[in-house]
Amino acid sequence: MENGSLRGIRQRDGSYALFLRVPGGVLGPEDLEHIGRVAREHDVPLVKVTSGQRLALIGVSEEDIPAIRADIGCGEGAAAGPGLCFVQACPGSLACPHGVQDALSLALALEEIHRERAFPAKVKIGVSGCPRCCAGSYVRDVGVVGTGSGWTVTFGGNAGGRPRIGDVVAEGLDRSAAVETVACLLDRYEEGARPGERTARFAERCGCGRTAEQDTNRQER
């Protein structure tokens, strides 16, 4: 599969779950047929769509991992190490009657730009095509939310053990400005965060989101 990355995590029973990166959660009919064929050939007991819009091949034996990777056509990668974990997106204006912005194409662009970057900890991005926020943007490390006046960008969200709503950094952005703002926030995070520090804790410690908001306001004036 193009741009695929198959990552594995050992399970409690000693088997493995292999996670297939699916940019934007988009798969064509040929992709689905190919994955199904490989799963049947290797007797994979369960295939699941994850909350991060990845595909998990669950119950794989360790000795089958290289062959499955080769058959699907994906490289090896860390399962949950520092870096871009996923860019989650709703259908946006492409397929949802509530969508006011094209969330899907923006998510694919952000995936392409940031997928190979190394960060102090894992990074999750959520892109929602309207304020209903179906991609969970406000509780992602970086969130992008479509409105009638453009894009809103947030930073430092988290849905884990210490939940945090992301700071609103900028509003009413066009697509190029939203892409640039996301890159700026991730640059600051990469340069200033401690190893293993998620964006939520970094934002609390350094006020990165609020500082970026002030910079944006000054530029608008």
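Student: Which conventions apply to the numbering and to the atoms used?
Tutor: Residues are numbered from 1 along each chain as its sequence is written, and side-chain values use heavy atoms, without hydrogens and water. As the model is predicted, local features need pLDDT of at least 70 and side-chain atom pairs count only at pLDDT 80 or more, whereas totals for chains, interfaces and linings use all residues.

Student: Is the pair of F155 and F202 stacked or edge-to-face?
Tutor: Rings of Phe, Tyr and Trp (its six-membered ring) pair if their centres lie within 6.5 Å; planes under 30 degrees apart count as stacked, over 60 as edge-to-face and the rest as tilted. The search of the whole structure finds three aromatic pairs. For F155 and F202 the centres are 6.4 Å apart and the planes stand at 85°, so the pair is edge-to-face.

Student: How many residues apart are F155 and F202?
Tutor: Helices (H or I, at least four residues) and strands (E, at least two) are DSSP runs, numbered from the N terminus. F155 lies in strand β9 (residues 150-155) and F202 in helix α5 (residues 199-206). The pair thus links distant parts of the chain, with a separation of 47 residues.

Student: Are F155 and F202 buried or exposed?
Tutor: Relative accessible area under 20% means buried, over 50% exposed, and in between partly exposed (1.4 Å probe, protein chains only). By this rule both F155 and F202 are buried.

Student: Which residues are linked with E204 in a network of salt bridges?
Tutor: A salt bridge requires a side-chain nitrogen of Lys or Arg within 4 Å of a carboxyl oxygen of Asp or Glu. E204 forms one with R164, the closest N and O atoms being 3.7 Å apart, and another with R201 at 3.0 Å. E204 is partly exposed, with a relative accessible area of 40%, whereas R164 is buried at 12%. The network links E204 with R162, R164, D167 and R201.

Student: What separates E204 and R201 along helix α5?
Tutor: R201 counts as buried at 19% relative accessibility. Because E204 and R201 are three residues apart in helix α5, their separation is about one helical turn.

Student: How many disulfides does the count give?
Tutor: A disulfide is a pair of cysteine sulfur atoms within 2.5 Å. The sulfur of C134 is 6.0 Å from the closest cysteine sulfur, in C130, which is too far for a bond. The count of disulfides comes to zero.
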